[in-house]
Each structure stands twice: as C-alpha cells, then as structure tokens.
Amino acid sequence: MLEKRQRLINLQYLRQDIARNLKNLLAENSLSIAELAQITQWQPMHLQAIIDSRATPNVGELNYLASIFDRKIKIEFVS
C-alpha cells in the first residue's frame, strides 16, 4: 500500500490532469466557465475549483462533463 504522502501527491496529480483536460475542452469549444456553469447548472465556483485543481469531481460529474463535450472518460489503475 502507498504511504499517505504519496497518495496525496497522486491525488494532486489527478486533479491537475482533470483541470488540464477541462481547460483544453473549454478552449476547443470556445466556452467560458460561466457558459459551462449554465449548461451544467453547477455553481461557477465549483467549476473554478476543479479548473484550479482544488476540487476532485466524482466519477458521475466527470461522466457528465465528458458527455457535454461528446467524450468518454477512461480510468486506469497503473503501477
């Protein structure tokens, strides 16, 4: 089992990857956070927290975001 410190580091990397992907999708689709908030009916502050790597969306939220951009999510467990 990984040490707690390494798990927290991995979580931060995950948040950064999610944020980078969401930023790219917003740019590709010429959408602002405010526009995405209207589409999702989520608070803009929640979306901003995800983009700032301060929040970790759950799998359902990731799936919903992916569907908005006509994408799928892929989750892998790697060593």
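Which element gives the largest share of the lining of the largest pocket? The share is that of H1, with eight residues.

The model is predicted: local features need pLDDT of at least 70, side-chain atom pairs count only at pLDDT 80 or more, and totals for chains, interfaces and linings use all residues. Residues are numbered from 1 along each chain as its sequence is written, and side-chain values use heavy atoms, without hydrogens and water.

**View A. The largest pocket and its lining.** The volume of this pocket is about 490 Å³. Its lining has 20 residues, and Ile18, Asn21, Leu62, Ile73 and Lys74 lie nearest the centre. Helix H1 (4-28) and H4 are the elements that give two or more residues to this lining. By class, eleven lining residues are nonpolar, four polar and five charged. A pocket is an open set of points on a 1 Å grid over the protein atoms alone, where a 1.4 Å probe fits, with protein on both sides within 12 Å along at least five of seven lines; lining residues have an atom within 4 Å of a point. Volume is the space filled by probe spheres set on the points, which are joined across faces, edges and corners. Helices are DSSP runs (H or I, at least four residues), numbered from the N terminus.

**View B. The second largest pocket.** This pocket holds about 270 Å³ of space. Its lining consists of Leu2, Asn10, Leu11, Leu14, Ile75, Glu76, Phe77 and Val78. Six of these residues are nonpolar, one is polar and one is charged. Nonpolar here covers Ala, Val, Leu, Ile, Met, Phe, Trp, Tyr, Cys and Pro; charged covers Asp, Glu, Lys and Arg; the others, Gly among them, are polar.

View C. Arg20 is partly exposed at 46% relative accessibility, as is Asp17 at 34%. Buried means under 20% relative accessible area, exposed over 50%, and partly exposed in between (1.4 Å probe, protein chains only). A salt bridge requires a side-chain nitrogen of Lys or Arg within 4 Å of a carboxyl oxygen of Asp or Glu.

**View D. The salt bridge of Glu28 with Arg71.** The closest N and O atoms are 3.0 Å apart. This pair links distant parts of the chain, with Glu28 in helix H1 and Arg71 in the segment after H4, 43 residues apart. Glu28 is exposed at 53%, whereas Arg71 is partly exposed at 45%.
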